[in-house]
Amino acid sequence: MKLTGRIVTPKDPDYNEARTNINTNIPFYPKIIVFCQCTTDVVNALLWAKENCIPFRIRSGRHSYENFSLLNDGLVIDISEMNRIHVDTMESIASIEAGAELGDVYKKLWKHGQTIPAGTVANVGLVGLTLGGGIGYLTRVFGLTCDNLLEAEVVLASGKVVTTNKHNHRDLFWALQGGGGGNFGIVTNLTFQTHSIHNVSIFSIEWAWEDFECAYDTWQNWAPYTDCRLTSSIEMKANRTIIAQGQLVGSKEELLKLIQPLVKACKPCSIKIKNTSFINATRFFDDPAENEPAPFKRSGSFVQEPFPQEALSLMKRLLEKAPSENCAIWQQSLCGKAGCIEPEDTAFFYRDSIIAQEYNATWSCHHERRQNIRWVESVRKSLGRYTNGDYVNWPDLFIQNWQTTYYGDNYKRLQEIKAKYDPDNIFRFPQSIMPSTTL
Ligand SMILES: Cc1cc2nc3c(=O)[nH]c(=O)nc-3n(C[C@H](O)[C@H](O)[C@H](O)COP(=O)(O)OP(=O)(O)OC[C@H]3O[C@@H](n4cnc5c(N)ncnc54)[C@H](O)[C@@H]3O)c2cc1C
């Protein structure tokens, strides 16, 4: 068996670029990175690694928080150069090679007046995002990214290539809808149901720090329950800013009416609202800084009911004590279409959550690293009593009982599916699903 595709090793001038993920917190030095160009390259890479007993990881968009797509000394099977997108406008279907990035997916589908609900940052990999769920500013109107998945091509542990959907390998398809990347096989192609999209209306509202409790409380009691066509977020930063932003698939007039509770709450210091093309809105929500490699620590969780007053004060205190100005708590509203599916219908368990919340810290000097990591951990622990689970797409090595917090009651079934498709556990990383031993 031979490795095929574009091969990069430590001797090559582009090795450093090739081995670097978006999170540079802990550097990794793989022995070989193979940039696959087609499914045969993927099969060859997998069989080569097995034959030579070389540990390997799968990589696409490079955005794993904990760099589960990298390893030292082994082989990285990289899919990012398999990124063709084909849109069937008549059937409202898009067939997308697994290496495509979100920004390219949005742009290509936009040319056909179509889209899929996905995340915000342009160079996040579609495949990693989909396999763990996928939340963004269309979640409440069209559901999670994984809810719009119709089919996937997967290279199994045996090297066999299968197509999985609601009819073929149904159990595997269920697991791919929220079970998390890297667990069941190497996904090479994804087929989605697409949605027509034209103009949308977006808003941005800012409050003064003194209005923290009032602004946040108004947002949390409004955002998950308002019109399903409207998905919004709120970001509270250590630099003492509070900004809510959101997108309505509807007119500016409708949006203005819908955001009245926010506008009336505690006198915002800035309100911006406009109607724009959907593709412009994706650019508005994308943060160029987040597309660049940098060291960071992030974690996040799901919230099932609005926070009580004491939690609001706690969040404010945690932010005021943060080690750097960039530290932030970011939340996005859920419910709507994402909440209309039962927890056991897909591997994505936390369907009854109202909010997904993220804690993040980034730093520029190495000596700031430890205090920033500690801060994220202290926020996760302090707010833990108000949250009901964690998001597998925001993995955190500090989470001890991740099997339950990522997957809830679905973990047992995921283990059974893992045992069926990867009994020898060749697809593994620090928080990968273990095959059940009862098969
Ligand atoms: C800046 C930033 C912004 C983000 N924004 C959002 C957001 O808006 N919404 C949201 O829901 N999430 C968001 N995320 C989280 C994101 O969904 C996850 O990090 C996701 O796993 C990234 O996938 P990737 O392909 O880019 O990453 P990678 O690091 O390449 O892979 C992530 C995981 O998937 C596995 N994997 C990669 N390719 C394949 C494949 N072809 N087949 C099987 N497994 C594979 C890897 O082994 C790894 O375990 C964001 C993350 C970052 C860092």
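In the predicted model, A152 stands opposite L190 in β10. The strand pair behind this position is β8 (residues 149–155) and β10, which run antiparallel and are joined by six bridges. Both strands belong to an open sheet of five strands with the order β5-β6-β10-β8-β9, and the pairing in this sheet is antiparallel. The edge positions are taken by β5 and β9 (161–165); each has a single partner strand, so one side of each is left without a neighbour in the sheet. From one strand to the next, the twist averages 15 degrees.

The loop between β5 (85–88) and β6 (93–97) contains S92. This residue, which is not a glycine, has a positive phi, near 55 degrees.

A further open sheet is formed by eight strands in the order β15-β12-β14-β13-β17-β18-β16-β19, again with antiparallel pairing. At its edges stand β15 (270–277) and β19 (389–390); since each has a single partner strand, one side of each is left without a neighbour in the sheet. Within this sheet, strand β17 (residues 328–333) and strand β18 (residues 355–362) run antiparallel and are joined by six bridges. W330 has E358 as its bridge partner in β18. The loop between β17 and β18 holds C335, for which phi is near 70 degrees, a positive value in a residue other than glycine.

Helix α7 (residues 212–220) lies across β12 (199–207), β13 (230–237), β14 (241–248), β17 and β18. The angle between α7 and β13 is about 155 degrees.

The ligand has 33 residues around it, of which I58, S60, S69, I135 and Y391 come nearest. By class, this shell comprises 15 nonpolar, 14 polar and four charged residues. For G61, a backbone N or O atom lies 2.9 Å from an oxygen atom of the ligand. A polar backbone atom of S64 is likewise 2.9 Å from a ligand oxygen atom. For T120, the distance between a backbone N or O atom and an oxygen atom of the ligand is 3.1 Å. Taken alone, the ligand exposes 950 Å², and the protein buries 96% of that area.

Two or more residues of the shell around the ligand come from each of β3 (56–59), α4 (126–132), β10 (186–193) and β16 (296–303). Helix α4 gives the most, with four residues. Of the strands that contribute in this way, β10 is part of the five-stranded sheet, and β16 is part of the eight-stranded sheet.

Key. Residues numbered from 1 in each chain as written. Predicted model: local features only at pLDDT ≥ 70, side-chain atom pairs only at ≥ 80, totals over all residues. Heavy atoms only, no water. Near = heavy atom within 4 Å. Polar contact = N/O pair within 3.5 Å; in protein donor to acceptor, adjacent residues only side chain to side chain. Areas by Shrake-Rupley, 256 points an atom, 1.4 Å probe, with all protein chains shown as cover. Nonpolar A, V, L, I, M, F, W, Y, C, P; charged D, E, K, R; others polar. Pairing = 2+ DSSP bridges. Contact = heavy atoms within 4.5 Å. Axes fitted to C-alpha atoms, helices over the stretch in contact; angles between N-to-C directions.
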